Amino acid sequence: MPETELKKALEFTCSEVQPCVKKVEYTLSSESVKKEMDCILRDYAAHVELPGFRKGKAPAGMVKNRFQPQIEEEFLRRFFSMAFEKFSDNDEMDVVSFSMPDKSKPVINPGEDQSWANGPLLSGT
């Protein structure tokens, strides 16, 4: 999934915690999550070397089983990168600081819409 599609699919809501401090909740549909995860899996499968297979020729299922934590980490990196980019495109606010989600590491639940909230976000307006 090209990053522009991920950015378009991403929705967010913003609530004020204190003056100049916002809390943002991001939501991504299960279909968009699946497309992005499949795209990352294809990227991994094209470059990975597994015993018994030529480079880039390992079955996607084996690559997924072997590299699931790294694939999820890459998904989260892309997700929050796009979330920050989309939120910072908002003309109503000047972003001063952006933090990762409140919880230590977001959990990806396949087949469900994904929703995460970031910690305090400092805004210039």
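Student: How many helices and strands does the protein have?
Tutor: The secondary structure of this predicted model comes to three helices and five strands, in the order α-β-β-α-α-β-β-β along the sequence. Helices (H or I, at least four residues) and strands (E, at least two) are DSSP runs, numbered from the N terminus.

Student: What should I know about numbering and cut-offs?
Tutor: Residues are numbered from 1 along each chain as its sequence is written, and side-chain values use heavy atoms, with hydrogens and water left out. In this predicted model, local features need pLDDT of at least 70 and side-chain atom pairs count only at pLDDT 80 or more, while totals for chains, interfaces and linings use all residues.

Student: What span does helix α3 have?
Tutor: Helix α3 (residues 60-88) spans only 35 Å between its end C-alpha atoms, whereas a straight helix of 29 residues would span 42 Å. The expected span is 1.5 Å times one less than the number of residues.

Student: Where does α3 bend?
Tutor: At Phe 67, by about 80 degrees, and Pro 69 follows within four residues. The bend is the angle between axes fitted to the seven residues ending at a residue and the seven starting there.

Student: Which residues of α3 are buried?
Tutor: Among them are Val 63, Phe 67, Ile 71, Glu 74 and Arg 78. Buried means under 20% relative accessible area, with exposed over 50% and partly exposed in between (1.4 Å probe, protein chains only).

Student: And what share of the protein is buried?
Tutor: Of its 125 residues, 36% count as buried.

Student: Ser 32, then: buried or exposed?
Tutor: Ser 32 lies in helix α2 and counts as buried because its relative accessibility is 8%. Its side chain and that of Ser 29 are joined by a polar contact of 3.0 Å.

Student: What about Gln 114?
Tutor: Gln 114 is in strand β4 (residues 114-117), and its relative accessible area is 2%, so Gln 114 is buried. Gln 114 and Thr 27 are 87 residues apart in sequence, yet 5.6 Å apart in space, C-alpha to C-alpha.

Definitions and conventions
Polar contact = N/O pair within 3.5 Å; in protein donor to acceptor, adjacent residues only side chain to side chain.
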